[in-house]
Amino acid sequence: MFRRWRNIDKPVALRTGRMWIMPAILTALIGAMLYAMPPAPMGWGVFVLGVVIGGAVGWQRARLMRFHLDEETGAVTVRQSPLAFLFIVALFLARRLLIPGREAQAAGQVASAGLPLVTDALLGFALGMIVGMRIEMWRRAKALRAA
């Protein structure tokens, strides 16, 4: 996190033609995991809920990023705003507060039957966040080039 904060104002070239690669890899990995160990019906529900919430979070994170079009080259660069970074830090803190750590698990406060549901929800959240963020970034870069 410190390294990301240190590089927050450095513009990064946005290669819109390659933005589909990470969501495709993540979809394949999560799909393989779900195929190997299919969730229960309740697990599918929390997975879909995680995708929806993650998509909304990813969309919001991409909305907070700053895009710039170089008029001469037509290249789009993106900078993560400090607010977008703090948004992700807040998500990490919320996760830490909402999902008990190993100490609580060792004390028996978390039932082991609920852990697969949490895992399914987090898989869905990760997938939704990456896909939602990439779609919004692609949409914004395309609109910037068209304008």
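Author: Begin with strand pairing: two strands pair if DSSP finds at least two bridges between them. This is a predicted model. Here β2 and strand β3 (residues 76-79) pair over four bridges, in the antiparallel sense.

Reader: Which residue in β3 does His68 stand opposite?

Author: His68 stands opposite Thr77.

Reader: How many residues are between the strands in the hairpin of β2 and β3?

Author: There are six residues between the strands, and Gly74 in this hairpin takes a positive phi near 80°.

Reader: Which residues of strand β2 are on the covered face, and which on the uncovered one?

Author: In β2, residues 66-69, Phe67 and Leu69 make the covered face. Arg66 and His68 make the uncovered one.

Reader: Is Lys10 buried or exposed?

Author: The cut-off settles this: exposed means over 50% relative accessible area. Lys10 counts as exposed because its relative accessibility is 52%. Lys10 lies in the loop between α1 (2-6) and β1 (12-13).

Reader: Which residues does Lys10 touch, not counting those up to four places away in sequence?

Author: Lys10 touches Val78 and Arg79. Along the chain, Lys10 and Val78 are 68 residues apart, yet their C-alpha atoms are separated by 8.5 Å.

Reader: Which residues make the nonpolar surface patch?

Author: Trp20, Ile21, Met22, Ile25 and Leu29 make this patch of about 500 Å². Ile21 lies in helix α2, residues 21-36.

Reader: Why does Ile21 count as partly exposed?

Author: Partly exposed runs between the buried limit of 20% and the exposed limit of 50%. Ile21 is at 34% relative accessibility, so it counts as partly exposed.

Methods. Residues are numbered from 1 along each chain as its sequence is written. This is a predicted model: local features need pLDDT of at least 70, side-chain atom pairs count only at pLDDT 80 or more; totals for chains, interfaces and linings use all residues. Side-chain values use heavy atoms; hydrogens and water are left out. Patches are made of residues with over 30% relative accessible area and no salt bridge: like charges are joined within 9 Å, nonpolar side chains (Val, Leu, Ile, Met, Phe, Trp, Tyr) within 5 Å. Accessible areas come from the Shrake-Rupley method with a 1.4 Å probe; for residues, only the protein chains shown count as cover. A salt bridge is a side-chain nitrogen of Lys or Arg within 4 Å of a carboxyl oxygen of Asp or Glu. Helices (H or I, at least four residues) and strands (E, at least two) are DSSP runs, numbered from the N terminus. Buried means under 20% relative accessible area, exposed over 50%, partly exposed in between (1.4 Å probe, protein chains only). Contact means heavy atoms within 4.5 Å.
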